[in-house]
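Here is a short report for a reader new to this structure. It starts with the whole chain and then turns to two local features.

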Amino acid sequence: MNVHLTAIGCRLNEAELENWSRQFREQGHQLVAGPEQADLVVFNSCAVTQQAVRSSRQYVRRMKRSNPQAKMVISGCYATLDEKEAAAQLEVDLVVSNQHKDRLAEITAHALDIAAPEGYDGIEADVPVMPLFERGRQRAFVKIQDGCRHHCTYCIVTVARGEERSRTVQDIVDEVNQLVDSGVQEAVLTGVHVGGYGSDLGAKIT
């Protein structure tokens, strides 16, 4: 199956695309550059401003027009905050909230009854190449935490992303090493509140 991954918004959204790219590759699927060639389109949405919400809606409608036969999955902050609207008004096939997006490929395969390609034996699961960077990019964004423990009244991101959740140092180091092995020369650590990294683990980066 051909899968197109795309996002608008923050660098964290882009880092999550890289995670999804690995998940879909491990299921035996191929990534394609545009929605026109895709059997499945996955969009990571944004809701940091009202303009971002409008852009998310427009993006989904534009991709559906470009390939009405493709299945459409939407995740991200807009999809989490307005799940019913995303599912009904935009007529997407599946909405995956931020709380479950780390398992997006698995959830998508189950919900949309998507099987691995015939004859696929899982060999690509061990291939370190990062598909989104095969086109010559040398910088990667690495998600080290999600959510925020502060509840600023002006910020919708805390509502959409939830409480702080940090990855372990070893998990982060393993991903960076994998990126280096694939040719990436710069890894940028990103998150909703990077300064709060480790607050939920009793640890911090110093």
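## The chain as a whole

Among contacts in the chain with a separation of 6 or more, 72% join residues 24 or more positions apart. The model is predicted. The chain holds 7 helices and 9 strands.

Of its 206 residues, 46% count as buried. The accessible surface of the chain is about 10800 Å². Carbon and sulfur atoms supply 49% of that surface.

## Two helices in contact

Helix α1 covers residues 11–26, and helix α5 covers residues 104–111. The two pack at an angle of about 50°. Their axes are 8 Å apart. At that angle α1 and α5 are therefore oblique to each other.

Which residues of α1 and α5 meet? From α1 come Trp20, Gln23 and Phe24. From α5 come Leu104, Ala105 and Glu106. The residues of this contact divide into 4 nonpolar, 1 polar and 1 charged.

## An aromatic pair

A search of the whole structure turns up 1 aromatic pair. The ring centres of Phe43 and Tyr59 are 5.0 Å apart, with the planes at 10°, so the pair is stacked. Phe43 belongs to strand β3 (residues 40–45). Tyr59 belongs to helix α2 (residues 50–66). The pair therefore ties together parts that are 16 residues apart in sequence.

Are these residues buried or partly exposed? Phe43 has 0% relative accessibility, so Phe43 counts as buried. Tyr59 has 23% relative accessibility, so Tyr59 counts as partly exposed. The cut-off for buried is under 20%.

Conventions. Residues numbered from 1 in each chain as written. Predicted model: local features only at pLDDT ≥ 70, side-chain atom pairs only at ≥ 80, totals over all residues. Heavy atoms only, no water. Axes fitted to C-alpha atoms, helices over the stretch in contact; angles between N-to-C directions. Helix = DSSP H or I, 4+ residues; strand = E, 2+ residues; numbered from the N terminus. Parallel < 35°, antiparallel > 145°, perpendicular 65-115°, else oblique. Contact = heavy atoms within 4.5 Å. Nonpolar A, V, L, I, M, F, W, Y, C, P; charged D, E, K, R; others polar. Phe/Tyr/Trp six-rings, centres within 6.5 Å; stacked < 30°, edge-to-face > 60°. Buried < 20%, exposed > 50% of the residue type's maximum accessible area, 1.4 Å probe, protein only. Areas by Shrake-Rupley, 256 points an atom, 1.4 Å probe, with all protein chains shown as cover.
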